[in-house]
Amino acid sequence: MNFEFTEEQKMIQQAAKDFAERELLPDIIERDANSRFPAEQVKKLAELGFLGMMTSPEYDGGGMDTISYVLAMEEISKIDSSTAVMMSVCNSLVNWGLETFGTEEQKQKYLKPLARGEKIGAFLLSEPEAGSDATKQRTTAVDMGDYYLLNGTKNWITNANSASTYLVIAHTNPEKGHKGINAFIVEKSWPGITLGPHEDKMGMRSSDTHSVMFTDVKVPKENRIGEDGFGFTFAMKTLDGGRIGIASQALGIASGALERAIKYSKERKAFGTEICNHQAIAFKLADMAVKVENARNLCLKAAWMKDEHLNYGIMSAYAKQYAADIAMEVTTEAVQIHGGYGYVKEYHVERLMREAKLTQIYEGTSEVQKIVISRSLLK
Amino acid sequence: MSVLVYAENRDGLFRKATLELLSYAAEMAKAMNTHVVAIAIGCVQTDELVKLGQYGAVKVLKSNPDFNILDIKAFAKIIVAAVEKEQATVILFPGSINGSALAPAVAARLKAGLVTGVVALPTSFDPLVVKKMVFTGKAFAATKVTTPVKVLTLSQNSFGVAEPGTGAAVVEEFGVEAAKSAISLVEVKKQTGKVLLTDAEIVVSGGRGLKGPENFGLIEELAELLGAATGCSRPVSDEGWRPHSEHVGQTGKIIAPVLYIACGISGAIQHVGGISSSKHIVAVNNDKDAPIFDVADYGIVGDFKTVLPEMIAAIREVKAK
Amino acid sequence: MKILVCISEVPDTTTKIRFTDGNKALDTAGIQWIINPWDELALTRALEIKEASGGAVEAVTVATVGAAQAEPTIRKALAVGADNAIRVDAPATDAWYVAVQLAEVVKSGGFEIVMTGRDSADYNGASVGGMLAALLDYNTLSSVSSMALDGGKIIAGREIDGGTETLEAELPFLAVVQKGIAIEPRIPAMRGIMMARTKPLQVVPPVDTGCLTENVEFELPKSRGACRKFAADEVKALVDVLHNEAKLI
């Protein structure tokens, strides 16, 4: 066992930290208030290779391991979760899914520009009536011989507007249940695709979330991913890795809140001393720090298992459930430590608290993670 | 044996930093039982040269009046020749831009030990040990020089200018053949009439709390009223609100004025390093918990937009009396 | 044409400085090491000059004098774009010692352009660049705040008291650079970090020379007294104190 990061991992962590502090922090409050997508910042992030950091160099990616990815996600999420979630979707859902399960032609055509960060991807699974229960897909793709005809609506789609490459999950054969599900590569520019309005969210307000409607969209046969009926497995396998991304995001939200709480408690004075000298505050900080460290260890363990090609699906559920839940607790305490200042935007912790909430909901709610975890225990 | 001082002139005149350096040299020479020789390179009138005697120089070498922009290589060769002629064992430079550029060039040519940013008289002469600033203002070191010839640069405003005496220095023509470097001047941009940040007794400085370049008019107004120089914190110069030459702090200028007035500067550790040698610090900030108040002697918790105009008015009033 | 950028590593500028061993040595526990900020700006500008040179500048090399633990800092310089690196395998004891080592690096590598930072954020020697130029007898400018390659010549701006001078210098040339030469250091890209693995890092033994100075002891500045605070509506009272009591204005 070795808890030491490599020189390279530390360099990536520092690069992400520098980027977040230099590029993401300056306008973060304004972007949050106006739900403004960080287009310029995302372009720079892409140029640095963060959007394809785990894709192999063969397909123009950065070739970095999952541990590096966790470290980068934590640093970005400490400051801007809206940017972090787009980075997570690109890396762990779209690029990973294409690299692992796509054909050579699909990788050449779609993965390369995604890995270079020239194009952005989105993962379209959730539906108005199929959130946690992914088998209840209403979107259909009917086999028309030469092509599939895609119809239906997807909800809560991150990167819906900024992406040009969609991975869409749809039923091709509803009678077959989850074995009748397939995944498709769909280009956003194709006829028949319309977007709903930008969702006015509680947190991660500048991430670009919309619903997406498909009306008779023709999808070429060669854009199906894997064998017929592979879609459900594809979605579940991909989400295993996605959970590491969201767990790391939750970790970053929590550790960012902790850092701000420590700093504030050392500056703010009450009853003649800095508030960190009051045990009521000091103990809160200790509890927060232990939670953050636990979450970090779970994220890193899941990442390590993925890098070692071990079965990491359950560990990523541990990491996601725990990190998301403690992110909510830690950010709430960080607001409390800041008192009235914590409740205004200038001190950032109220935003982190709003962002933390979403990590308990998307890419599998905390409750769904517990189903996955408990089933593995009771098998 | 002698103490040799590089007497830097600006447009033919000796400025405070040079007089301060001579005052320091005189004290050193007294302790070493020797005398001070100054060297002035470039065009300076004889009566200005003679004046250096009031601050302790016995002799002034008047050298190469045609060298009026800094040519490090050529200047260093001239100074080295003077060191040899005067058998100098201590060579002193001001901690100014030019002095700091010349000291290492001279030291390397003499293979002499160099200490830069010296803040006080030596604590020992044999061996020579001097106190210097390290970690950009966050600490001091006692540095020992082990060579027979020693080169020091003196931190500006760290010693003060002695009361002028009645002495007059002997002016000696000192011609040295020094080939100029293959460097030629294309353009000079110089602001005149402005107090230099590193020279100033009072510095008025603005930070990010001023919100934008348009609000620095208040800083300038206050500075002008006090005969002060203007400065700024790093984010301000990074944003381009003010020129880099005004940046005070770790990677900018380290200053030691008598009074430093910090407006809308939170007091990041990098900034504080650059001002910690100031004799008095006044902070204006609307955040009562800002770390600048930990290093300030006087503080006003309030918005610069109301505080600064009131301060300007109040100072006008006391100045009028 | 080849550019050499001399770099050193220093404690992160936000580090709280502490001493150990009876105030005789820096307490390095918990210190994060970074490229000296001025050196990093020099490197940033060197890379820009190379990119704009249309192939005239073949390579940007970084050199450091230091033990093996300086290598992460060197790798970072490689990750942001330096082509190769040289480490003189010896502790950086004083400015003279370092300058002598670097002079050897410059001579054996045939570098016509050398860039160094104006100062270093650790012991604030502000000496290595000036000494190196003297040892090499190169044309040199200090306080360089802008620099470009124009044909075979250097066009540089330097800060002077109250202004700037623009000068034209012939090669070989050494620039001692300060803030303004580049605005922000580069953040390494994934591709750069990946390539840094395989870029050459040459380790060379030091040449024999001694030190001329030695830091024998350290001390921290005395803490200042408590701040006398005035409310926003007490500006007049403060001015009164500054004028009549402290006699500062």
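Student: Where is N223(A) placed in chain A?

Tutor: N223(A) is in the loop between β7 (209-220) and β8 (224-225) of chain A. Strands are DSSP runs (E, at least two residues), as helices are (H or I, at least four), numbered from the N terminus. This is a predicted model, in which local features need pLDDT of at least 70 and side-chain atom pairs count only at pLDDT 80 or more, whereas totals for chains, interfaces and linings use all residues. Residues are numbered from 1 along each chain as its sequence is written, chains are lettered from A and ligands numbered from 1 in the order in which they are written, and side-chain values use heavy atoms, with hydrogens and water left out.

Student: What makes N223(A) buried?

Tutor: Buried means under 20% relative accessible area, exposed over 50%, and partly exposed in between (1.4 Å probe, protein chains only). N223(A) has a relative accessible area of 3%, so N223(A) is buried.

Student: Which residues are in contact with N223(A), leaving aside its neighbours within four places in sequence?

Tutor: They are Q106(A), Y110(A), A183(A), F184(A), I185(A) and W190(A). Contact means heavy atoms within 4.5 Å.

Student: Why is α3(B) called oblique to α4(B)?

Tutor: The axes of α3 (residues 72-86) and α4 (residues 97-110) of chain B come within 9 Å and cross at roughly 55 degrees. Axes are lines fitted to C-alpha atoms, for helices over the stretch in contact, and angles run from 0 to 180 degrees between N-to-C directions. Angles under 35 degrees count as roughly parallel, over 145 as roughly antiparallel, 65 to 115 as roughly perpendicular and the rest as oblique. Therefore α3(B) is oblique to α4(B).

Student: Which classes of residue make up the contact of α3(B) with α4(B)?

Tutor: This contact has 11 nonpolar, no polar and 4 charged residues. Nonpolar covers Ala, Val, Leu, Ile, Met, Phe, Trp, Tyr, Cys and Pro; charged covers Asp, Glu, Lys and Arg; the others, Gly among them, are polar.

Student: Why are α7(A) and α9(A) described as roughly parallel?

Tutor: Helix α7(A) and helix α9 (residues 313-338) of chain A pack at an angle of about 25 degrees, with their axes 8 Å apart. The two helices are therefore roughly parallel to each other. Their contact divides into 20 nonpolar, 5 polar and 4 charged residues.

Student: Which residues touch the most other members of the largest nonpolar core?

Tutor: Of its 156 residues, these are F50(A), F123(A) and Y166(A). Helix α7 (residues 231-267) of chain A gives the most to this core, with 15 residues. A nonpolar core is a set of buried Ala, Val, Leu, Ile, Met, Phe, Trp, Tyr and Cys residues joined through side-chain atoms within 4.5 Å.
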